[in-house]
Amino acid sequence: METDYIKDLLEVAKYKSFNKASEVMNISTPAIRKRITAIENELNQKIFVRNSKGAFLTKEGRLILEKLKLVYEKIESIKVYESNINGNTIRLGILPSFYPINIKEIQNSDCYNFQILINDNTISLIDALKDKKIDVAIGDITNLRIDDFYTEELYDEDYFVIYSKERGELNNSDINISAEQIYVQTPPCDTLRFIKSNFKNTREHLVYNNYFETILANVATNKGITLLPYSYLDKINLKLNYTRLENHVRKVGLISSSKSLNSRVHDILNNLTKTTTSSQYMN
């Protein structure tokens, strides 16, 4: 059974439509129907019921789908693994704030060949995954649920409230997030998603700006506050203070269409972390 045929089956099941699946897979509808029929004949099972409203999985079809999905993921993971061994690239989408490994260290690794796509928000990385521009993404996976994609946590990090030094030294009890004017980057933005998920009645207090430096400049002149994860604190200038936001963290992790691919990349990053730590120690 061809893996392309399995992918066709997954897409028909996802969209409940041969026409839509054929558009996504960029093949003709008769061709995708022929492939699905070939799978049904090979397995001697009726997988889909076709009618004027679409294509729907039978009881047997649902069981077959679950098993073939696992097979497909395993095969795709093996392809990526073999590509890595043979000197080809793993296309990795990544947030610019990713740590503990410097992005340049990933790019310059002699053992693993990565092609890096950097984007400042997770939604754009997911779009790149859907468009097959990357194989795996590293982004904010806090409360993230996406059909046909799997996540694996790498680490979590605290959120911090950033405010002007004109306000002196503050702690959590001194700041009412819901009453503050909050500067955030224009959507899509991971911090904005965090704010909307955790703090009610903040919409009317949000001030959007396209540029991170402009946001910090406005906060420095005491026009409001912003919220940032730990990995952004090295960008804070001398006119700003910050305090840890208690009981709020974000989870950073891997996102791809394959659990085994996530595990493989996780192992690679762990090896790079050990190598980097060892090198820094020797220096």
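So, a pocket here is an open set of points on a 1 Å grid over the protein atoms alone, where a 1.4 Å probe fits, with protein on both sides within 12 Å along at least five of seven lines; a lining residue has an atom within 4 Å of a point. Quick housekeeping: this is a predicted model, so local features need pLDDT of at least 70 and side-chain atom pairs count only at 80 or more, while totals for chains, interfaces and linings use all residues. Residues are numbered from 1 along each chain as its sequence is written, and side-chain values use heavy atoms, with hydrogens and water left out.

Okay, the largest pocket. Its lining has 34 residues, and K7, E11, Y72, K132 and S257 lie nearest the centre. α4, residues 59-85, gives the most, 11 residues; helices here are DSSP runs of H or I, at least four residues, numbered from the N terminus. α1, α2 and α6 also supply at least two each.

Now α6, which spans 122-130: T122, L125, I126, A128 and L129 are buried there, meaning under 20% relative accessible area with a 1.4 Å probe, protein chains only. Why do they sit on the same side of α6? Because they cover an arc of only 155° around the axis, taken from the directions from the helix axis to the C-beta atoms.

At the N-terminal end, N121 caps α6, with a side-chain oxygen 3.3 Å from the backbone nitrogen of I123. After the helix comes K132, with a positive phi near 60°, and K132 is one of those residues nearest the pocket centre.

Definitions and conventions: Buried < 20%, exposed > 50% of the residue type's maximum accessible area, 1.4 Å probe, protein only. Polar contact = N/O pair within 3.5 Å; in protein donor to acceptor, adjacent residues only side chain to side chain.
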